[in-house]
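The following paragraphs lead the reader through a structure, beginning with a single residue and then turning to the contact between two chains.

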Amino acid sequence: MSESFTLRVNGRTRVVKAERSVPLVYVLRNDLGLKGTRLGCGTGHCGACTVLYDGNAVQSCDTPLWAAQGHEITTIEGLGSAERPHPLQRAFLEEQAAQCGYCIDGIIVSAAALLTRKARPTRDEIAAALGRHLCRCGTHARILRAIERAAREMAR
Amino acid sequence: MSAPELPLSLRTNPRLDRWVRFDGDGKVAVFSGKVELGQGIVTAMAQIAAEELGVEPAQLAIVAGDTTAAPDEWYTAGSQSIEVGGASMRRACAEVRTLFVEAAAAELEVAPGDLEVRAGVIGVPGTDLKRSYWELARKVSLARDYSGRPVWPHKAGRLGLVGTSAPRRDLPAKLGGAAYVHDMTLPGMVHARVLRPPAYGARLVALDEAVLRAAPGVVAVVRSGDFLAVAAEREEQAVAALEVARRAARWETPPMPEQTETVRFLMGLPARPSKVFFKGTAATSGTRRFEAMYSRPYLAHASVGPSCALAVAEADRIRIWSHTQGPHMLRGQIAKALGLPDTAVEVMHRDGAGCYGHNGADDVAFDAAVVARACGRPVMLQWTRADELRWAPFGSAMAVKIAADVDSGGRIVGWKHELWSHTHVKRPGRGEGIELLAAWHMDPPVPVPPAADLPLPAGGGDRNAVPIYDFPHQEVVYHFLPEMPLRVSALRSLGAFANVFAIESMMDEIAGGLGVDPLELRLRHLADERGRDVLRAAARAAGAKRPGTGRGMGFARYKNLSAYCAVMAEVEIAQKLRVRRVIAAVDAGLVVNPDGLRNQVEGGIVQAASWTLKEQVRWTREGIALHGWEDYPILGFDEAPDIEVVIVERPEAPSLGAGECAAGPTAAAIANALYDGLGVRARHLPLTLERIAAAMD
């Protein structure tokens, strides 16, 4: 049965009507039009749907709608846009750190959570923070480099 | 330029207005049949067009893969986009520029050779004598065929748009919002999912359709034979309805053949052997024989984004947005499957998740078309993760046996390469019949077309089976396996991956047996100067070996026709085999976008490392045993090697396709590095600890 839920998404209050157990990814994409959160596996294994949940990286396919209420949700769109990019988005463009790009938005969101926790992570720490992300195009080295670049620039 | 030398795409799409159109207000649109798959082709194609036309990149828009607008260039596949599509675009744009230069010369009463084209303006430098493309557009008709007339070269030589690392045009949108076919929406759109059978050949013998129709939000249940799909108002309702359908359906499932080791499995299938290559004489003067068998298992595409399509059925046409590799081919197949004329189907390419060959893109487009016709509303249909892993075609498994004869002087004088595999290409529209999954399941079912592989020189299963080395006697026998217990088709590099893995492993086995340096053995047998340069460049860039690592090399010229690639890999062996560092040297002729080339080669290396170390399709008697990522692990971020790609510059030589060149060399380099580090020769992929231990015995 559908219920109304009041969410805080990207700093705005949004009201949606849906079943309480609906995975958040569908609400973000289809009700709120936030398409940068991608559906990859639906089982919490690939990281394409990662969002910030009170600043922590979580997989929105694994997060029911009810659990999002009362928490601050940030999607890739809340980090920055093509016109006003987040330092991570800028670094990914500078490194051209994408091939198909499908996995990248989720990775940027995870990296944002990491850089809030630790301003200058080592390469191993970055790789560990991406332990729940998959990239099939093999852009790994560029992705790691882009996160290091963003960390450098944000630490300035 | 005589007609047969024209690049294929231009030969079959000769009309200039198929390629270039000048719109009002200073914009030019160019049209390409080669589509963005994550490889950066749209950016490269725009560079080629802007360079040839003499316009700024910002003045140029590109439309790629659209049956209503763009040229039919078959598939975006086989590393042919720059070689064939790019060459066609370049010729078409150069002729368009020439027509406009001649028109401007006539109006301005100057010689065409005095005119320079910059930012879309054709003029005499240092004067105010000039005309823009757009001023002339009404007077120069492009409704004419490419003629091959002599072109006026750019007065100042090349503009420098080709050969620079232009940033990808598609990335800003992809790094922060809607960018893929998955992200499209249309008014009234519903979401759909397909309940695929539990296994190949399963029959849907009973279905409680009422319970499925009663599921929340369900607007349509589409059943035809063994095909079953549900459409719902909301996406999560379609996902939930799929689970209802799973419980409401009863299947009769024939058992799959038992999975055994790759070589044994393939050897147990009926084979049609043929000698596909022969050079020299049967008798050789060899005094020492090296012989070994190698294999690779079936491999999955395993794209991170499941296949997806949007379809709208209107009164007189079906419109489909798809991440297909071949929009025109898909249109023809869908029209045929639905009994419609080609003109009643329109396919517009939209970007999808990474494409590494014939995946589920075409199948899901047909699924969406079928459901859209049944429910009368726009349908967004996405495959599940499990369907993506279980139902998309796999890359064919292969066994390769090599017997090499070496003479007393340490020269390889005889080489016999035998391979066992299925076809490596079953793309929709390539042969007769219909290659669309749902069409085989619907009532009445259409038969699965028989397999026919691509012939040499490009080859399919036998791609790169002919060594590039100068062995006086060479023989290749392809034991073609027409029966396909698993659904197979094209996966990046086709047979080149296993063939190069085997050839380059054997080269190291021989080098080891003779006590010769592996690089030296290769150079001793390689006359091709470009190949020699690439091998030496990789070895030079790799520098001295680090202590505690094993190092190996692998080399090939992709298809023996496209880019040259030499790979050096450094591995460590602790709890598992870990690839630490990879150096590649590549000669791709004139490089349109160096960073784009590097990105493709880096990705090819990581993907091949993942295939080599970890990947294998598993099945049981009940069906393909891939239900999620836990059943098909791929290389993770904590396993990623450092990579360095050296481009061997050949700006004077034609551009060569490079997107697949690193696959085989990478596999061989890793296996050879394992041998160097541990003294273990592992010949059967993937190189898991279990197999490495088995190879030690």
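In this predicted model, His133(A) lies in the loop that connects helix H6 (123-129) with helix H7 (140-155) of chain A. With a relative accessible area of 4%, His133(A) is below the 20% cut-off and therefore counts as buried. Its side chain forms a polar contact of 2.6 Å with the side chain of Ser110(A). Leaving aside residues up to four places away in sequence, His133(A) touches Cys46(A), Gly47(A), Thr50(A), Gly106(A), Ile107(A) and Ser110(A), and also Phe637(B) from the other chain.

The size of an interface is often expressed as the accessible area lost when the parts come together. Between chain B and chain A this buried area is about 4200 Å², with carbon and sulfur atoms contributing 55%. On the side of chain B, the residues that lose the most area to chain A are Leu175(B), Val304(B) and Phe637(B), which together account for 22% of what that side buries.

Polar and charged groups also meet across the interface. Seven salt bridges are found between chain B and chain A; one of them pairs the side chains of Arg142(A) and Asp595(B), at 3.0 Å from N to O. Residue pairs in polar contact between the two chains number 29, with both residues at pLDDT 80 or more.

Notes. Residues are numbered from 1 along each chain as its sequence is written. Chains are lettered from A and ligands numbered from 1 in the order in which they are written. This is a predicted model: local features need pLDDT of at least 70, side-chain atom pairs count only at pLDDT 80 or more; totals for chains, interfaces and linings use all residues. Side-chain values use heavy atoms; hydrogens and water are left out. Buried area is the accessible area (1.4 Å probe) that two parts lose on being put together, summed over both. A salt bridge is a side-chain nitrogen of Lys or Arg within 4 Å of a carboxyl oxygen of Asp or Glu. A polar contact is a pair of N or O atoms within 3.5 Å; within protein, one must be able to donate a hydrogen and the other to accept it, and residues adjacent in sequence count only if both atoms are side-chain atoms. Helices (H or I, at least four residues) and strands (E, at least two) are DSSP runs, numbered from the N terminus. Buried means under 20% relative accessible area, exposed over 50%, partly exposed in between (1.4 Å probe, protein chains only). Contact means heavy atoms within 4.5 Å.
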